[in-house]
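Hi,

Here is the structure I promised to pass on to you. Have a look at it first, and my notes follow below.

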Amino acid sequence: MTEDFRKTPPGSLDPIPFSIAAPFRTTLPNGLKIIVFEDKRFPLISYRLAFGFGDANDPDDAGGLTSALTSMLSEGTESYSSRQLAEQIERLGASVSASSSDDFTIVSASALSLYNADILRLISEIVFRPTFPEDELSLYRRNTVENLKFQRSQPNFLANEQTARLLYGQHPYAKVSPSAEEVEKLERQRLTDFHREKLIPNNATFIVVGDVDTSELVKEIEASFGDWQPGEVAAADFASLPERSARTLTIVDRPGSAQSNIVLANLAIERNHPDYFSLLVMNQVLGAGASSRIFMNLREEKGYTYGAYSRLDTRKRAGDFEATAEVRTTVTGESLKEFFYELNRIRDDTALEQELMDAKNFLTGVFPIRAETQEGLINLIVSQQLYGLPEDYLQTYRDKISAVTPKEVQRVAKQYIHPESLAMVIVGDAEEILPQAREYAAEVEIFDTDGKPRDVSDYGKADTGETADVSGKWSLKVDFQGQQLPVSLVLTQDGDTVSGKLETMLGDGEIADGKVRGSKLSAVARAEMQGQEVKFAITGTVEGDSMTGTLSAPIVPDALPFTGTREG
Amino acid sequence: MSENFKLTPLKIEEYTLANGLRVVLNQDNAVPVVAIAVYYNVGSRNEREDRTGFAHLFEHMMFQGSDNVKKAEHFQFIMKAGGTMNGTTSSERTNYFETLPASQLPLALWLESDRMRSLAVTQENLDNQREAVKEEKRLRYDNQPYGQIFDLINEMIYKNFANSHSTIGSMEHLDAASVEDIQEFFRIYYAPNNAVLVISGAVDIETAKGLVETYFGDIPSQPLPPELDVTEPREVASTYREWEDPLAPFPAFLMGWKIPKRRTPEFNALYLAGKLLYDGESSRLYQKLVKGEESVIQLFGFTDERRGPSSIFVGAIPKPDKDLSKIRETITAEIKDLAENGPTAGEMQKLHNQLINDTVRTRQSSIARAQNIAEYALYDGNPELINTDLDELLAVTPDQIKTTVDEYLNNENRALLDVKPGSSS
C-alpha cells in the first residue's frame, strides 16, 4: 500500500538564486589579456595561459608541430632539465602542463594557493625559456610513433579518424592525429622558430581562478609577463569544407570485433554560431543524455547497446553533428534502422512541449554544478574567451537556453541533421556488418585498421549462397605434424547460429556462438585440457556431407588443416 | 609548510533512523547544489559462487522502476530537474548518487526511497537488463585491448572466491538467475539497515532531517545479511600466467601484490610507496622506464582499496622491441631501493603536498564530498574520518614506507600476468 504523498513526485523547495560574478579583466600593454576570478572558498588556485592557435594551424609541411611544441615545453628549459621540472612541480603537489587542441594551445596549472609565486615562476620558465633538447625531442618522436600504433587498436580512434576525413576533406579538422612520418621529421630548429613565432602575448589570455588578491596577482603577472614581446598573429587560410550529396558507408574492418562502433555524422555549426543554443536544446531532446530519445530507444527499449548518444562537436571554425553507439555486431542493421527513425522523427515532428521543457531544465540546472569547482569554472571562462563568446556569456547562459522555442528546435533539426546525405562510419567485423548495413548507403568503402583501402568485392562472398545445414555429428581427421588425429564435432543449428561440442582425445570443448554464412562455418570451442582452458577456432567449408577447414589454437603455431565427413 | 597545514573541518552530522538507515548530513552553502549518495553494503564480495555478477546486475535493475516510478523514469526525473546521476559497483559496495539544484532535495529523496522500498523486480526488467549488462561486458572488457587483464590478475592474487571473482561476473550465471533469486538478493542487501545515506551541499539541516524521516522512516528493516569471510592467506593464488589477447597490439604485463586492508598503517605506507613509484612524471618508474631506459609506451599503477586484503598493481606496455624481463628487473630494482633506503626527504615533501592538494581539491564538489563521507560511514562506521584521515596519511614515516615495502612488495609473492598479442584473423 502506498501513501498518497509517494504517488507523485514532490514539489521543490524554494529555489536558491545562483549567479556567477563577472570576473576582472584587463590587458597589458603588450596585448596579454588577463582575467581573474577571486574565489576564496578553498586555499587553491587554477591557471590557464591560453593561446589562440592550435593543431589546425600546423604548417602544411609540419603536421604535429603544435602538439610537439606543447609536449616539449616542459622537457627542458634554460634553468632546468625535464626531470628537474617534473620534480619541482610535483614537489609542490601541483600540476603544470601544456596541451593543444584543434584551435587552441593551453598551459594549465593548479596548486595550493601558498605556492602561487612558484607556479607563476614555473609557467614563465616553460613558456619563455624552453630549450627543446635533442635527446628529449628524439624520445618524444619515438614515443609518439609508438602511441600512434597503439591508438590504432582502439575502435573509437578508428571511427573518429574516418569520420573526420569524410566530413572535413582538405580542412585541417580532417586530421585527428599526425602521421608517423610527420612526427619522425619534426626538427628542433622548427620547434624553436615556431615557439618564437607563436607564443606571443597579443594572441594569449592569462586566466586565473581561486584564492588570490586580484590587484596583487595582476602586479605579479605584469612583473613576469609584462616584458614579453608581442609578435604578429598570422591569419589562417583554411580549405573550404566539402559538400555531401549522398549517404555513404565506410567500414573499418576489425575482424573478430565483438561490437560495431557506429558513427553517423554530418557538418553542423561552429561554436559561436547564433544557432548554438537552439541546437544544444535540440540535441538534448534527441540524444545527449540518458533520458534522450536515442538512448531510450536503442538501450532502454531495444537493449542493443550499453549507450547510444548524439553529440555536437562545435569548434572555432566549423563543427559537426554525430550520432554514435557501440552495438553488438548482430544488431548493426537494426540499430541503423532505429537511428534513422530518430533522426527523421526529430526533423519531422515538433518536439513535444514537455520534452523540450525537460531538456531546458536539464541544461539550466546542471550549469551551477559545472561551476562548483575551480576547474569547472575556469574551463567555462576559457571557452567564453577563446571562442569569442560575449563577455556576459556565463551570466546569460541560462536565459538563452530558456528562450529556445519548439519551432526553433524543429528548424535547427531540419537545417543541421541530414539523414539522406550523412556519413556512416562503422568499425567492426566487415563480413558481419556489410550485409546488414549495405542497404543504407549508395556508396560503400572498406578500410583496414591501418587506414588502407580494401577491395569491397572481397567481402560478403559467403553470403550469396544459401545457408548450409551443418547439424549432425562430424568425424574429422586433423593433420598434426603428419599424424592424423581424430576429432569429432557434434553440432546443432538454429538459423545461422551453431552450438555444440568439440570432442578430442585430450578433452572436450563447448561451442557457443558459432555461425554459418553460406557454406562457411566459423566457431570457437572452449576446451578444458589438463586444467587449462584452451580456445580452438574452427573454420570449415561444407559441401554436402563433407567438410574441409582448419583448427587453430594458441598452443600450436600454425592452423591445422582437417577433412571430415558427417556420420549418417 | 605542510607540517602546519590545517584542513578546515567539514560540518558533519550523523544519526540513525529507527529502521537502521545511517544518515550523514554535510551542510555547505557555497553553491546552491545538493548531492545525495546512497551506499548499499553489497558488492561482488557478497556474491555466491554460482551467482556472480548479481551486485552489478542490480545496479542496472535499480533504474528499472519501483511502485511510483516507472521504468527509466529515474533518469528522467533527475535530468529534467537539472541534475546528474549514476550508480557504480565494486567489490565493496554498490552506490547510487545524484547532484541537483539544492531546491530539488525532496525529489532525490523520493526517488531513492521509492526504489529502496519497492523496486520492481520483474521478469521483463531482468531480461532487458541482462542484455544491457552483456553489452557493457562486450564494450568494456571483450572489445577493448587489455580489457580483461584486471579481472584475470585478481583471480591470481586472491584465493578466497569472495575476493577473486570479477564484478561484471559470469554471463551464464546471469542467464541462470530467476526473478526469485533477484528478489531475494534485493530483500537481503537493499534493506535500510544495510545502507548509508549522505546529503551534502546547500541544505537546511532540519528540513533535510524531516524529509529523510518522511521518505525513509517507514521502510522496514531486514535481518542482517549473512556474515562474510574475506580472509586470505598471505600468499597469492598463482604467481604466473600467460594470456593471449586477440585485440592487443603489443605485449604487456601486469604485476600485482596482495597487501593489508585499507586504512591500516601498512596499506597507507604502500599507497604512498605506490605514488612514489608510478604516480606522475617525477615518479621513479616514469623517470626510469619512460625517460631513462625509454622502454615503455605506457606505465601505470594503482592500489585497489578494500575492507579486506587489498592489492597494488604495476603494469606496462613495453615498446615492441624491448625485453620484458629487463623492464621487470628495473621495477624490481626500484622497489628494492625503496625497501633498502626508503624515500628521500624530497619525496616525502612531494607526498605531503600532493596529499593536501588532492584532499582540498576533492572537497570543492558536493558529490565528491558525499561519496568520501559515505565510504567512511559505510566501511569504518565513522564519517568524521573525512576530517582526520589526511592526518593519518601525513603521519606515515619514511621508515614505515621502507619496512612495509620490504615486507610486502617482493617477487616471491607476486602475481605476474604476461599478455601476448593474439592473432585476430
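**What I found**

Helix α1 (residues 54-61) of chain B is largely enclosed by the rest of the structure, because six of its eight residues are buried. Buried here is when 20 or more other C-beta atoms lie within 10 Å of a residue's own, with exposed at 12 or fewer, partly exposed in between, and C-beta atoms placed from the backbone. Helices (H or I, at least four residues) and strands (E, at least two) are DSSP runs, numbered from the N terminus. The buried residues of α1(B) are B:Phe54, B:Ala55, B:His56, B:Leu57, B:Phe58 and B:Met61. They pack against β4 (84-89), β5, α4 (123-142), α7 (171-176) and α8 (179-189) of chain B, where contact is C-beta atoms, placed from the backbone, within 7 Å.

Before going on, please note that this is a predicted model, in which local features need pLDDT of at least 70 and side-chain atom pairs count only at pLDDT 80 or more, while totals for chains, interfaces and linings use all residues. Residues are numbered from 1 along each chain as its sequence is written, and chains are lettered from A and ligands numbered from 1 in the order in which they are written.

Next, the cores. A nonpolar core is a set of buried Ala, Val, Leu, Ile, Met, Phe, Trp, Tyr and Cys residues joined through C-beta atoms within 7 Å. The largest has 258 residues, and B:Val198 is among those with the most contacts inside it. Helix α10 (residues 265-278) of chain B gives the largest share of this core, nine residues. A second, separate core has 21 residues, including A:Val498 and A:Leu551. Leaving aside residues up to four places away in sequence, B:Val198 touches B:Val24, B:Ala37, B:Ala370, B:Ile373, B:Ala374 and B:Ala377.

Chain B is assigned domain 1 (11-216) and domain 2 (240-421), with bounds from an automatic or database domain assignment. Their centres, taken over C-alpha atoms, are 28 Å apart. The contact takes 32 residues from domain 1 of chain B and 30 residues from domain 2 of chain B. On the domain 1 side, β3(B) gives the most, with six residues.

Finally, chain A has an open sheet of six strands in the order β1-β2-β6-β3-β5-β4, with mixed pairing; strands pair if DSSP finds at least two bridges between them. Strands β3 (residues 44-51) and β5 (residues 105-112) of chain A pair in the antiparallel sense over eight bridges, and A:Leu49 stands opposite A:Val107 in β5(A).

Best wishes

How values were computed:
Two residues are in contact if their C-beta atoms, placed from the backbone, lie within 7 Å.
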